[in-house]
Amino acid sequence: MSQTLTPPSPAAPAAAGAPARRTGRTPRGRTWVAAFFLLPALVLLGALVVYPIVWSVVRSLFGPDGFTHFVGLSNYTGVFTDHQTLVAIKNNAIWVVVAPVAATGLGLIFAVLTERIRWGTAFKLVVFMPMAISMLAAGIIFRLVYDQDPGKGVANAMVTGVHDTFFKASAYPGAHPRVAGPGSTLTGPVGGPYTGKAVSPGNGPAALALVGVQPSTLTGAAQAAAPGSCPSGALCGTVWLDFQPGGGTPGKIDPGEKALAGVRVEAVRDGRVLATATAAEDGTFTLPASRIGTSPIRLRLPATNFTAQYAGVNWLGPTLVTWSIIGAYVWMWTGFAMVLIAAGLAGIPRELLEAARVDGAKEWQVFRRITVPLLAPVLGVVLVTLVINVLKIFDLVYVIAPGASQQDANVLALQLYLSSFGGGNDQGTGSALAVLLLALVAPAMFLNIKRFRQEKSR
């Protein structure tokens, strides 16, 4: 019986479209090409990032005289016991809590509101414009904005304008009677009120002489003082500046001496005010007999005539300097937050918002329960980016804070500069501060990188 032998069939060809199996090997030529293109970036990264970090860590272990005196961790313990550094850490904590939240919150509000107005693009341009200004220029601008003089500082010009609208400024700040001598007819504490001796109505005009009036208070239109003219039974007098260049008689109205118009005069008996009068343009005043009677009274000039004018808020003083600089930072970086959040808003499906409105949700509910949760990734990126930025803040504080309150506004980056180059000449402590600053920035930086990778993997 014959048997037919069948030759073995060749292996079936790979199915059409099946992916080829990867060997996991990269051609040697491609590796060298990739290394060639990456080498300049790696060299630059090592020179500008890795080497400074390593050098700072090593330098922080030595004293201020260089690498000749090893001190170990003494610089780090000194950082946490130095008063100026502790103030800087406290201020950095305020910056981290307040500035990113304020800038992100305002950016969110502006981004949402500008979606509903026709000129939203122009508004975004105006809000974003401060980002085009350098920190140095912004510091100079806000140093002028916060100037104590209302004639220079915009902030105090606004504050004093509002204050003077509701509270009238005093007529002659700093004016006072003569301390002693024949012209001292008034007595009282510094700043008033000033009270005269007891006088009887009908005994002639009273002389209320003052000195110490600021030259800027009296204008060229101020009239010369005139003696008072008393009606029968009334009490009158004159309030004037008892000063004459070249000399004069104290307590007597000399030719050319100026009247103090607008001064309020009170008639007081037994501590009770019976009548008031205001000095006229020539300084004269009259108290009617029907109000004061015939018994002796005392004339009093209340302190409201002499209180110093309101000078505004000391924005750059020890109490408010940090908050004022934070305000300048928020002014600069709100535009950055607004633009990123607006880009996130553009990616939100409008169907969700419209469906919520159709279901009866109000605008606040739509914003709180739909818009904000959907923007959470963008808000997180903006917030963490600003946290990293404020941890390194230096220029605004250095430029805006005056020398008298610079220590009150101190931050870690500024303390690093002052310790190393600004007079401290202690690069060991400065390097320890740099390492501390890196340790504070690194977690926020890694969190941001993690968020970017999560967004990329979606």
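Visitor: Is Q406 buried or exposed?
Guide: This is a predicted model, and Q406 sits in the loop between α12 and α13. Its relative accessibility is 15%. Buried means under 20%, so at 15% Q406 counts as buried.

Visitor: Which residues does Q406 touch, leaving aside those up to four places away in sequence?
Guide: Let's stay with Q406, in the loop between α12 and α13. Once residues up to four places away in sequence are left out, the contacts of Q406 are Y398, A401, L414 and L418.

Visitor: What does Y329 touch, not counting residues up to four places away in sequence?
Guide: Y329 is one of the residues that touch the most other members of the largest nonpolar core. With residues up to four places away in sequence not counted, Y329 touches W95, A99, M135, L386, N389, V390, I393 and L396.

Visitor: How many residues are in the second, separate core?
Guide: In soluble globular proteins, nonpolar side chains tend to be buried together. Here a second, separate core includes L186, Y194, L241 and V263, and its residues number 27.

Visitor: Which helix gives the most to the lining of the largest pocket?
Guide: The largest pocket holds about 570 Å³ of space. Its lining has 20 residues, with I53, S56, A434, V435 and L438 nearest the centre. At least two lining residues come from each of α1 (28-59), α13 (412-420) and α14 (427-457). With nine residues, the helix that gives the most is α14.

Visitor: How many residues of that largest pocket's lining are nonpolar?
Guide: The lining of the largest pocket divides into nonpolar, polar and charged residues. Five are polar and one is charged, while the nonpolar ones number 14.

Visitor: And how many charged residues line the second largest pocket?
Guide: About 300 Å³ of space lies in the second largest pocket. Its lining has 14 residues, and V112, E115, R116, R357 and E363 lie nearest the centre. Helices α3 (83-113), α9 (350-358) and α10 (363-374) each supply at least two of the lining residues. Seven of the lining residues are nonpolar and one is polar, and the charged ones number six.

Methods
Residues numbered from 1 in each chain as written. Predicted model: local features only at pLDDT ≥ 70, side-chain atom pairs only at ≥ 80, totals over all residues. Heavy atoms only, no water. 1 Å grid on protein atoms, 1.4 Å probe; cavity = no way out; pocket = protein on both sides within 12 Å on 5 of 7 lines; lining within 4 Å. Points joined across faces, edges and corners; volume = space filled by probe spheres on them. Helix = DSSP H or I, 4+ residues; strand = E, 2+ residues; numbered from the N terminus. Nonpolar A, V, L, I, M, F, W, Y, C, P; charged D, E, K, R; others polar. Core = buried A, V, L, I, M, F, W, Y, C linked by side-chain atoms within 4.5 Å. Buried < 20%, exposed > 50% of the residue type's maximum accessible area, 1.4 Å probe, protein only. Contact = heavy atoms within 4.5 Å.
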